[in-house]
Amino acid sequence: DHRDLHSFPTRRSSDLVDPPPKAITVSINANGEVAWDNQVISLEELQTRFNEAGELETKPTVQLRADKESRYDMVAQVMSRASEAGLADIAFVSDN
């Protein structure tokens, strides 16, 4: 099996209709404030946005950036809210 590693899988026509899933960037700073794409929001607003994203046919990835000084329970709350909304694809993004 000598497949060329540089060849790309052929795209099915159905792939071209749906845009790629959007990634949501959620940040938690050292003060425990939560930001959605750099806009600080409340946890209630976060839940609302997660719920809306969870309704999408193609669920977005949640990219979670947590300051190393941020409390773990805040990170855990954000993760549990994402999964409650049906957003299971959570990626940690580190800034260091």
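**Entry 1: the sheet**

Two strands pair if DSSP finds at least two bridges between them. I kept that in mind while going through this predicted model. I looked up the sheet first. Five strands form an open sheet, and its order reads β3-β2-β1-β4-β5. The pairing is mixed.

I then asked which strands stand at the edges. They are β3 (39-41) and β5 (90-92). Each has a single partner strand, so one side of each is left without a neighbour in the sheet.

**Entry 2: the pairing of β4**

I went through the partners of β4 next. Strand β1 (residues 23-28) pairs with strand β4 (residues 61-66) in the parallel sense, over six bridges. I picked out two of the bridge partners. Ala23 has Thr61 in β4. Val26 has Leu64 in β4.

β4 also pairs with β5, again in the parallel sense, over three bridges. There I noted Gln63, whose bridge partner in β5 is Ala91.

**Entry 3: two helices**

I turned to helix α2 (residues 43-54) and helix α3 (residues 72-84). They pack at an angle of about 30 degrees, and their axes are 9 Å apart. Angles under 35 degrees count as roughly parallel. α2 and α3 are therefore roughly parallel to each other. The crossing of α2 past α3 is right-handed.

Which residues meet here? From α2 I listed Leu43, Glu44, Leu46, Gln47 and Phe50. From α3 I listed Met74, Gln77, Val78, Arg81, Ala82 and Glu84. Sorted by class, this contact of α2 with α3 has six nonpolar, two polar and three charged residues.

**Entry 4: an aromatic pair**

I asked how many aromatic pairs a search of the whole structure finds. The search finds one. In this pair, the ring centres of Trp36 and Phe50 are 5.8 Å apart. Their planes stand at 50 degrees, so the pair is tilted. Trp36 is in strand β2 and Phe50 in helix α2, 14 residues apart, and the pair links distant parts of the chain. I had already met Phe50 among the α2 residues that contact α3.

Conventions:
Residues numbered from 1 in each chain as written. Predicted model: local features only at pLDDT ≥ 70, side-chain atom pairs only at ≥ 80, totals over all residues. Heavy atoms only, no water. Axes fitted to C-alpha atoms, helices over the stretch in contact; angles between N-to-C directions. Helix = DSSP H or I, 4+ residues; strand = E, 2+ residues; numbered from the N terminus. Parallel < 35°, antiparallel > 145°, perpendicular 65-115°, else oblique. Left-handed = near helix turned anticlockwise from the far one by under 90°. Contact = heavy atoms within 4.5 Å. Nonpolar A, V, L, I, M, F, W, Y, C, P; charged D, E, K, R; others polar. Phe/Tyr/Trp six-rings, centres within 6.5 Å; stacked < 30°, edge-to-face > 60°.
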